[in-house]
Amino acid sequence: MTTRTLPAAAPARPLAVVGDYVRLTKPRIISLLLVTTAGAMFVAAGGVPDGWLLFWTMVGGYLAAGGANAINHYIDRDIDGRMSRTTGRPVVAGRVPPARALAFGVALGALSALVLGVFANWLAAALALLGLALYVGVYTLWLKRTTVHNIVIGGSAGAVPPLVGWAAVTGDLSLSAWLLFAIVFYWTPPHFWALALILERDYAAAGVPMLPVVRGEAETRRQILLWSLVMVAVSLLPVVAGVAGAFYLWSAILLGGVFCALAALLAREAGLRWARATFHYSLLYLALIFVALVIDAA
Amino acid sequence: MTLRVLALVLAVALAVPAVVAIARMAVAGRDRDVSPGRRRLEALWVAVPIALLAVLVAFAVAA
């Protein structure tokens, strides 16, 4: 019998290090946030906004959301280690020291304010920082571990990007901007609870009081349907306010109808099949509802 | 029927029963073992989105 020794840990390759820092920003989540930012910019401009303004707002938006996500990696490193989905994250796995993740997040947040302030305007910069503060302070530090309503209120952080986009174009916030905020805000509960049904064991293991963990799957499925109905109602308000027309109305009815149909199937049938379908469709729904707004506004 | 009225009727028809059911479920699911302060805070988290919805509908109608 031979004894083998593990080789000494090799220094991380530069590309792998860069990859870990990119992973800290959660790029897949940000891509959907940027769709809502860009959508708001097109609607606010009544067509195609200035190309450079669009570019720098996307950069600033990515930096702000990426900064918030990196800080979230730092704060949640204890519970990330207890969830199978997140054990491979750079901080938990020891590839990025916690303090560096925190510093990286703070630096990205500061840089986002600078980019948006210089290339868009300071209202957009302030709103991006507000989104970061809501995500880190209200959602991650306060509500996530203390209340079953964590993502209902915490969802306000994810709804800020349309406000940033609108402010970048117009320099102010009108009712239309707040209606776009509301679409994302009321979309968040059914979206996140469908995900929470899929990841229920992970959340239970980490002690995060997500709805399925605290109130059970049956109530979660009912709540998803109810909040989906509210979300579709809210999606119709741009037409009520006269800021969107027929194309958007029928698109919202069609897209929302499919969402509610999936939620109704989920409410009727236990198991993960319809939870997965509702979650994946929710991602498509949010992107398409903003595309419909853009087409309607053009 | 104009688009605006159609959208308003649909929005109200969808939102009102859903909001009533959400509020009822929140009341039924109250945890009686927690302090009154904590119960009030939990109620606030349900009330905020409902109040925001009412405000948004009012502003959209007035626009």
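**Entry 1: two domains in chain A**

I began with the layout, and found chain A divided into domain 1 (17–172) and domain 2 (174–298). I noted that this is a predicted model. Next I looked up the spacing: the C-alpha centres of domain 1 of chain A and domain 2 of chain A lie 21 Å apart.

How many residues of domain 1 of chain A are in contact with domain 2 of chain A? I found 29 residues of domain 1 of chain A in contact with 29 residues of domain 2 of chain A. On the side of domain 1 of chain A that touches domain 2 of chain A, at least two residues each come from α2 (27–45), α7 (150–158) and α8 (160–170) of chain A. The largest share of that side, 7 residues, belongs to α2(A).

**Entry 2: α2 and α8**

I then turned to how α2(A) and α8(A) are arranged. Their axes come within 7 Å and cross at roughly 35°. I recorded the crossing of α2(A) and α8(A) as right-handed.

Which residues meet there? From α2(A) I listed several, including A:Leu33, A:Gly39 and A:Met41, and they belong to a group that meets residues of α8(A), among them A:Pro161, A:Gly165 and A:Trp166. I sorted the residues of this contact of α2(A) with α8(A) and got 12 nonpolar, 5 polar and no charged.

I stopped at A:Lys26, which sits in the loop between α1 (14–24) and α2 of chain A. Its phi is near 55°, a positive value in a residue other than glycine. A:Lys26 has 18 C-beta neighbours inside 10 Å, so I put it down as partly exposed.

I picked A:Gly66, found in helix α3 (residues 51–75) of chain A. Is A:Gly66 buried or exposed? I called A:Gly66 buried because it has 25 C-beta neighbours inside 10 Å, and the cut-off for buried is 20 or more. Leaving aside neighbours within four places in sequence, A:Gly66 is in contact with A:Thr25, A:Ile30 and A:Leu108. I also checked A:Gly66 against A:Val106: they are 40 residues apart in sequence and 9.8 Å apart in space, C-alpha to C-alpha.

My other pick was A:Ala113, in helix α5 (residues 98–119) of chain A. A:Ala113 is buried, with 21 other C-beta atoms within 10 Å. Setting aside neighbours within four places in sequence, I found A:Ala113 in contact with A:Ala125, A:Ala128 and A:Leu129. A:Ala113 and A:Met210 are 97 residues apart in sequence, and in space they are 32 Å apart, C-alpha to C-alpha.

**Entry 3: chain A meets chain B**

Last, I looked at where the chains touch. The contact takes 26 residues from chain A and 26 residues from chain B. The elements giving two or more residues to the side of chain A that touches chain B are α7, α9 (175–198), α12 (217–235), α13 (237–240) and α14 (246–268) of chain A. α12(A) gives the most to that side, with 8 residues. I counted up the kinds of residue on the side of chain A that touches chain B as 19 nonpolar, 5 polar and 2 charged.

I took a further look at α12(A) itself. This helix has 19 residues and reaches 26 Å from its first C-alpha to its last, close to the 27 Å expected at 1.5 Å a residue. α12(A) is mostly covered, with 15 of its 19 residues buried.

Note on methods
Residues are numbered from 1 along each chain as its sequence is written. Chains are lettered from A and ligands numbered from 1 in the order in which they are written. This is a predicted model: local features need pLDDT of at least 70, side-chain atom pairs count only at pLDDT 80 or more; totals for chains, interfaces and linings use all residues. Domain bounds come from an automatic or database domain assignment. Two residues are in contact if their C-beta atoms, placed from the backbone, lie within 7 Å. Helices (H or I, at least four residues) and strands (E, at least two) are DSSP runs, numbered from the N terminus. Ala, Val, Leu, Ile, Met, Phe, Trp, Tyr, Cys and Pro count as nonpolar, Asp, Glu, Lys and Arg as charged, and the others, Gly among them, as polar. A residue is buried if 20 or more other C-beta atoms lie within 10 Å of its own, exposed if 12 or fewer, and partly exposed in between; C-beta atoms are placed from the backbone. Axes are lines fitted to C-alpha atoms, for helices over the stretch in contact, and angles run from 0 to 180 degrees between N-to-C directions. A crossing is left-handed if the near helix is turned anticlockwise from the far one by less than a right angle, and right-handed if clockwise. The expected span of a helix is 1.5 Å times one less than its number of residues.
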